[in-house]
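Have a look at the model first, then read the points in order.

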Amino acid sequence: MTTVLLLEDAPASYVDAWRQLAPELDLQVPADPAAAVRLAQQPCYWLGQPDRAAALLRQGVKPLWLQSTWAGYAPLLAAELPCDYRFSRAVGLFGQSIGEYVLTYLLQHERQVAARQLSQREGHWDTRAPGTLAGRRLLLVGAGDIGQDIARLFAPFGMSLTGVARSARTLPGFARVVPLSELHQAARETDFVVNLLPDSASTRDLYDAAFFAALPKGALFINAGRGTSVVDADLIAALESGRLAGGVLDVFRQEPLPAEHPFWQTPNLQLTAHIAGPTPPAAAVRLFLDNLQRLQQGQPLRGAVELTDQPKV
């Protein structure tokens, strides 16, 4: 029988989905870290979070195959961890949710929602003309599966989308896709910046004072990727100086964000608690089952990553 080890902080919804979608497969849910190590010593597949998988790998056990429930996988790239096992990251699960998150804040910005709520509280009849997304320039830093899903979602709004990827390419929904080396040049010609990049050696501290200086005055910055991409002090300075019209952060270097962090008091900055793209358990289980079938049939896995080719962090 196929045995699957579930590695999730909140496993209940995964168990419910599993019972509906794959009751014939043996799903093991460890009660504690010691039980996880014991179960992982038998040949099995792993489904779950890279951070929990990394903790097991440190104990000297490895999976036959690990299907991540995250889009990113930085915890697996620690220098001391093995990388000689089959791995696939979560794909096709987050585009709709993150796209709706980004759209919420773009519309809030253009329609001046916060200012109009203030006008209502003050009893002021506010007749200022709102903005529109039509004709606006959006820079999506990260043009992988999530970025491409967002491009499809945004197609009816009439924006001009520039993507940033490892290399230049042509993709549907994008006016152009430029390499990461041209990030600052692309930043000079945008109204909105959305970061979707995972945590890696090449993406850390990407958004620094030089980047924010390259943006046109009044741009909006949204980070739905990873907090390590942003130099916190430089973002605060750009907001306090008025160079940025606003910022929206869903991810941070330390989570939960400490109560003493200056982000809580930074003007024109909105914070959410890493909720832009939650993993839908049923969709994650369906991805696992699809990849399991592919694995058994000798076909390429969706979201396959060769960890031996990735730089260690």
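1. Ground rules. This is a predicted model, where local features need pLDDT of at least 70, side-chain atom pairs count only at pLDDT 80 or more, and totals for chains, interfaces and linings use all residues. Residues are numbered from 1 along each chain as its sequence is written, and side-chain values use heavy atoms, with hydrogens and water left out. Helices (H or I, at least four residues) and strands (E, at least two) are DSSP runs, numbered from the N terminus.

2. The five-stranded sheet. Five strands make an open sheet in the order β2-β1-β3-β4-β5, and the pairing is parallel. Two strands count as paired if DSSP finds at least two bridges between them. At the edges sit β2 (26-28) and β5 (86-88), each pairing on one side only. From one strand to the next, the twist averages 20°; axes here are lines fitted to C-alpha atoms, for helices over the stretch in contact, and angles run from 0 to 180 degrees between N-to-C directions.

3. Strand β1. β1 and β2 run parallel and are joined by three bridges. Across that pairing, Val4 stands opposite Leu27, and Leu5 faces Gln28. Five of the five residues of β1 are buried, so the strand is largely enclosed by the rest of the structure. Buried means under 20% relative accessible area, exposed over 50%, and partly exposed in between (1.4 Å probe, protein chains only). Thr3, Leu5 and Leu7 point one way, while Val4 and Leu6 point the other.

4. Helix α1 (residues 12-21) lies across β1, β2 and β3, running at about 155° to β1. Now find α3 (residues 50-57), whose buried residues are Pro50, Ala53, Ala54, Leu56 and Leu57. Viewed down the axis of α3, these fall within an arc of 160°, so they line one face of the helix; the arc is that of the directions from the helix axis to the C-beta atoms. Their cover includes β1 (3-7), α2 (33-40), β3 (45-48) and β4 (65-68). Contact means heavy atoms within 4.5 Å.

5. The seven-stranded sheet. A further open sheet has seven strands, ordered β8-β7-β6-β9-β10-β11-β12, again with parallel pairing. Its edge strands are β8 (176-179) and β12 (269-271). Neighbouring strands are turned by 15° against each other on average, direction ignored. Inside the sheet, four bridges join β9 (residues 192-195) to β10 (residues 219-223), with Val193 partnered by Phe221. Helix α9 (residues 232-240) packs on this sheet, touching β10, β11 (244-249) and β12, and makes about 140° with the direction of β11.

6. Which residues touch the most other members of the largest nonpolar core? Of its 51 residues, they are Trp18, Ile98, Leu106 and Ile222. A nonpolar core is a set of buried Ala, Val, Leu, Ile, Met, Phe, Trp, Tyr and Cys residues joined through side-chain atoms within 4.5 Å. Not counting residues up to four places away in sequence, Leu106 touches Leu133, Phe154, Met159, Phe192, Leu220 and Ile222. Apart from this core lies another, of 28 residues, including Val164 and Val230.

7. Cysteines. There are zero disulfides here, a disulfide being a pair of cysteine sulfur atoms within 2.5 Å. For Cys44, the closest cysteine sulfur is in Cys83, 19 Å away and too far for a bond. Cys44 is buried at 3% relative accessible area, and Cys83 also counts as buried, at 18%.

8. Lys312, in the segment after α10 (281-296), is partly exposed at 33%. Lys312 and Leu77 are 235 residues apart in sequence but 4.9 Å apart in space, C-alpha to C-alpha. Lys312 also contacts Cys83, among others.

9. Most residues other than glycine have a negative phi, and most peptide bonds are trans. Glu255 and Pro256 are joined by a cis bond, with omega about -5°. Gln112 has a positive phi, near 55°, and sits in the loop between α4 (95-110) and α5 (113-121). Asn268 has a positive phi too, near 60°, in the loop between β11 and β12.
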